[in-house]
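Please open the model in a viewer and keep the selection tool at hand.

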Amino acid sequence: MAVKDTLIHTGRILLALYFLIPGIGKFISWESQLVLMETHNIILAPFLLAIAGITQIIGSISLILNKYVIVCALGFALMTLLINLNLHDFWNEYEGINSSHELQNFYKNLGIFSGLLLLAAVYIEDKS
């Protein structure tokens, strides 16, 4: 296996784990996740939390199995943007929420977003 393939597969699996563990965590820590979403005035929080958790678990397993990589990577990229804008909105003040921590999460998620775009691009290029 070439170094390029090893790097791509390692990155794909690590990105999958980045979504799998929090996806499972959404169900393990359901109440605290709901409180966070409600603090940020997310409507339909229970429904969206369930959808996010299920999507993260299924999408992550697909990435680990190297299936539907482009769809999963782009879907997770969109999810990451939505989470950034709605839950890591450092420009808003919320009771008990540290804005500087949210700014750090916002920038971290931009890096994850970039990695997902690159992963999708590599798989699109391989199909060409």
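Is Y68 buried or exposed? Select Y68 in this predicted model: the residue is exposed, with a relative accessible area of 63%. Y68 sits in the loop between α3 and α4. Its phi is positive, about 50 degrees, although Y68 is not a glycine. Most residues other than glycine have a negative phi.

Next, move to N41, in the loop between α2 and α3. N41 also is not a glycine and has a positive phi, of about 60 degrees. The relative accessible area of N41 is 61%, so N41 counts as exposed.

Now show the whole chain as a cartoon. The protein contains five helices and zero strands, and its elements follow the order α-α-α-α-α from the N terminus. Along the principal axes, the C-alpha atoms fill a box of roughly 50 × 25 × 20 Å. Among contacts with a separation of 6 or more, 66% join residues 24 or more positions apart. Of the 128 residues, 35% count as buried.

Then colour the largest nonpolar core. Of its 19 residues, L63, F76, L116, L119 and Y123 touch the most other members. At least two residues of this core come from each of α1 (3-28), α3 (45-64), α4 (69-87) and α5 (99-127). The greatest contribution is that of α4, with seven residues. In soluble globular proteins, nonpolar side chains tend to be buried together.

Centre the view on L119. Apart from neighbours within four places in sequence, L119 is in contact with I8, R12, L15, L63, V69 and A73. A second, separate core has six residues, among them M37, A45, L49 and L87.

Finally, display the surface. The protein exposes about 7,800 Å², of which carbon and sulfur atoms supply 70%. Selecting the charged side chains gives 6 positive and 9 negative charges, whose mean positions are 17 Å apart.

Notes: Residues numbered from 1 in each chain as written. Predicted model: local features only at pLDDT ≥ 70, side-chain atom pairs only at ≥ 80, totals over all residues. Heavy atoms only, no water. Core = buried A, V, L, I, M, F, W, Y, C linked by side-chain atoms within 4.5 Å. Buried < 20%, exposed > 50% of the residue type's maximum accessible area, 1.4 Å probe, protein only. Helix = DSSP H or I, 4+ residues; strand = E, 2+ residues; numbered from the N terminus. Contact = heavy atoms within 4.5 Å. Areas by Shrake-Rupley, 256 points an atom, 1.4 Å probe, with all protein chains shown as cover. Lys, Arg positive; Asp, Glu negative; His and termini not counted. Charge placed at Lys NZ, Arg CZ, Asp CG, Glu CD.
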